[in-house]
Structures are given as C-alpha cells and as structure tokens.
Amino acid sequence: MTIFGGIEAGGTKFVCAIGTTPDDVRETRFPTTTPDETIQRALEFFRAQPRVAAIGIASFGPIDLHRASPTFGCITTTPKPGWRNTDLVGAIQRALGVPVKFDTDVNAAALGEHRWGAARDLDTFIYLTIGTGIGGGGLVSGKLMHGLIHPEMGHIRLPHDHARDPFPGSCPFHGDCLEGLASGPALEKRWGARAETLPADHPAWELQAHYLALALVNYICTLSPQRIILGGGVMEQLQLFPLIRRAVQNLLNGYVQSPAIIAKIDAYIVSPGLGKRAGVLGALALARQSAA
Ligand code: ADP
Ligand code: ZN
C-alpha cells in the first residue's frame with residue numbers, strides 16, 4: 001500500500017499525519033508558533049516515518065495556489081503575526097523531496113468528506129468551518145473550487161441590523177463581514193465570554209443561526225450545492241443546526257424548489273462525517289490526488 005502524508009496547517013495548531021485511509025493513520029499535533037519552529041517540527045515528524053509518496057498541505061489562508069506564480073505555495077495576507085509570505089510548500093518540498101499538493105484547509109476538508117465522509121455520493125457541495133475564522137470550500141461538478149484565488153466564503157457581506165446587534169464586527173479587513181459577525185472570536189467579543197461557555201439557551205445562538213442562515217442562503221443561490229457541511233469549533237453547539245435549518249427555509253421562502261431543502265433539510269445541512277478529523281484526512285486525500 002502506498003503511504004501518503006498530510007499536514008493540516010492551522011492558525012492555532014498543526015496536525016501531521018501519514019497513512020492510507022482513515023482507519024490507518026499515525027499523527028501528531030503541536031501548536032503553531034513561528035514559521036521556522038513549526039515547519040521544523042513538521043519535518044522532524046516526517047523524517048521519523050516511512051517515506052511517503054506525496055504530502056498534502058491543507059492550510060489556513062489566504063494562500064497562493066497558482067503554480068506559475070512567484071509566490072506559489074505561500075501564505076499571503078494573513079494577519080497572523082510572522083506568517084505573512086511564508087513559503088510553506090517550498091520549505092516542505094525542498095527538505096523532504098516529495099511531491100506536495102497544496103490547498104485551503106476547507107477545500108481539503110471538503111475533499112476528505114467527499115472521499116470518506118458526508119459527501120461521498122455528491123459532486124457539488126460546500127464545506128464551511130466556523131472557528132477562529134470562517135472559511136468555505138468545496139467541489140463543483142467534482143472539481144475543487146479555485147478560480148481567481150480561492151473562495152473566501154467567510155468574508156461575504158450580510159445585512160446587519162445595528163438595532164438588533166450593535167456589535168460592530170471583528171474582521172480586521174471588513175468589520176462586519178460574516179467572519180466579523182459570526183466567528184468564535186466575534187462571539188466572544190460580542191458576549192464577553194468564550195463561545196464554548198455560553199449556555200445552549202443563550203440568545204447568542206439565535207443570532208448566530210440568523211447570520212449563518214443568511215450566508216447559506218447566499219451560497220445556495222450562487223453555487224446550488226447538493227449539501228452543506230458545517231464544521232469548526234462553534235458548530236459543536238449542535239443546537240445551532242435546527243435553528244439554522246429553519247432560518248434557511250424561512251429566508252428562501254419556498255423559492256428554491258428542491259425536496260432536499262423543503263422536506264429533507266436535516267440531511268442537507270449536516271455536521272462533517274469525519275468530525276474533527278476532516279482537515280487532516282483531507283490533507284491525506286489531497287496527497288492521494290497528487291499521486292493519481
Ligand atoms: P481553529 O479555527 O483555530 O482551527 P476551532 O475550529 O476549534 O479551531 O475554532 C476555535 C474557535 O471556536 C474559538 O473561538 C472557540 O471559542 C470556538 N469554540 C471551540 N469549541 C467550541 C464549542 N464547543 N462551542 C462553541 N464555540 C467553540
Ligand atoms: Zn472579512
């Protein structure tokens with residue numbers, strides 16, 4: 001069996017893994033510190049393992065995915081201190097001498113869900129993470145979405161009723177874009193407590209479901225996804241799912257005539273089948289693609 005490597009490069013932690021399928025994975029995780037130190041730890045992990053055929057990197061962004069670009073393989077405009085213009089792909093490829101496949105964390109997670117998780121039967125769907133940031137990726141007609149740069153679904157603009165929600169938003173680029181209103185840090189700033197400490201019946205969740213539903217309605221109308229997978233720490237609040245599903249139906253108001261939305265929405269807006277492993281398994285799925 002060919003062994004592949006995967007790196008889930010997150011803003012908070014890195015997860016490195018080798019393996020063949022979800023049942024056969026060896027992995028390690030460590031905090032994201034400086035680029036030098038973090039990349040060294042990843043290299044140490046892979047050097048201590050059997051040689052892999054290829055490595056997939058599922059990275060926080062924004063990142064440069066254009067092979068012809070001089071900054072291909074770099075993390076670009078991130079506000080994360082020290083990481084701007086870090087050549088992640090170059091550093092790994094030069095040190096290990098294996099093919100490297102690079103994509104966004106959310107595109108990779110979508111690929112993992114397509115191969116092993118909640119989207120095995122579909123060719124057009126999206127995967128969103130609601131965590132420290134908000135990001136979205138997915139497949140359209142069986143191909144990962146790239147285009148000009150890559151989708152930035154977390155930074156769309158939404159109607160913001162300042163009377164209902166005076167919080168100005170926390171995105172350093174846009175203020176009250178989706179990420180600025182509904183990421184984990186936005187929840188913490190608005191309510192003065194970490195999102196995971198807010199009780200299930202706190203008014204935070206109705207407002208959160210409202211913002212996420214507004215965003216999903218925009219994605220449904222633009223991309224026509226056959227399913228929407230919602231992952232990330234904030235979506236561990238499972239009471240959000242019924243609130244979001246109902247709000248999506250109300251906002252669409254019967255216009256998008258599909259049984260998936262009208263009758264079977266419980267199977268339309270879902271948690272990741274791979275749970276918290278979607279990112280790292282997605283990185284392995286990416287590596288497999290590069291070898292295909
Ligand atoms: P990251 O986005 O850094 O990869 P996560 O997806 O875990 O990691 O997102 C972290 C954010 O999610 C933090 O803002 C945290 O407050 C929030 N969060 C983590 N777990 C929960 C939870 N169980 N309920 C609500 N919010 C959570
Ligand atoms: Zn933004």
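Two strands count as paired if DSSP finds at least two bridges between them, and helices (H or I, at least four residues) and strands (E, at least two) are DSSP runs numbered from the N terminus. This is a predicted model, in which local features need pLDDT of at least 70 and side-chain atom pairs count only at pLDDT 80 or more, while totals for chains, interfaces and linings use all residues. Residues are numbered from 1 along each chain as its sequence is written, chains are lettered from A and ligands numbered from 1 in the order in which they are written, and side-chain values use heavy atoms, without hydrogens and water.

**View 1. An open sheet of 5 strands.** The strand order is β10-β9-β8-β11-β12, and the pairing is mixed. β10 (143-144) and β12 (269-270) each have a single partner strand, so one side of each lacks a neighbour in the sheet. β9 (residues 134-140) pairs with β10 in the antiparallel sense over 2 bridges. Lys143 in β10 is the bridge partner of Val140. Helix α3 (residues 105-116) packs on the sheet and touches β8 (125-130), β9, β10 and β11 (228-231), where contact means heavy atoms within 4.5 Å.

**View 2. The zinc ion (ligand 2) and its protein donors.** Donors are N, O and S atoms within 2.8 Å of the metal (3.2 Å for Na, K and Ca); water is not among the atoms, so sites may look incomplete. The donors here are His155 (ND1), Cys171 (SG), His174 (ND1) and Cys177 (SG), 2.1 to 2.4 Å from the ion. The 4 donor atoms subtend angles of 103 to 119°, so the arrangement is tetrahedral (four donors, all angles between 85 and 135 degrees). His155 and His174 both lie in the loop between β10 and α4 (178-182), so the pair ties together parts 19 residues apart in sequence.

**View 3. The largest nonpolar core.** Such a core is a set of buried Ala, Val, Leu, Ile, Met, Phe, Trp, Tyr and Cys residues joined through side-chain atoms within 4.5 Å; buried means under 20% relative accessible area (1.4 Å probe, protein chains only). This core has 41 residues, and its largest share, 13 residues, comes from α6. Leu216 touches Leu128, Ile228, Leu230, Ile244, Val248 and Ile269, not counting residues up to four places away in sequence.

**View 4. Ala215 in helix α6.** Ala215 is buried, because its relative accessibility is 1%. Beyond its neighbours within four places in sequence, Ala215 contacts Ile156, Leu158 and Leu178. The C-alpha atoms of Ala215 and Leu178 are separated by 7.3 Å, although the two residues are 37 residues apart along the chain.

Key. Axes fitted to C-alpha atoms, helices over the stretch in contact; angles between N-to-C directions. Tetrahedral: all angles 85-135°; square planar, octahedral: opposite > 155°, others 65-115°. Buried < 20%, exposed > 50% of the residue type's maximum accessible area, 1.4 Å probe, protein only.
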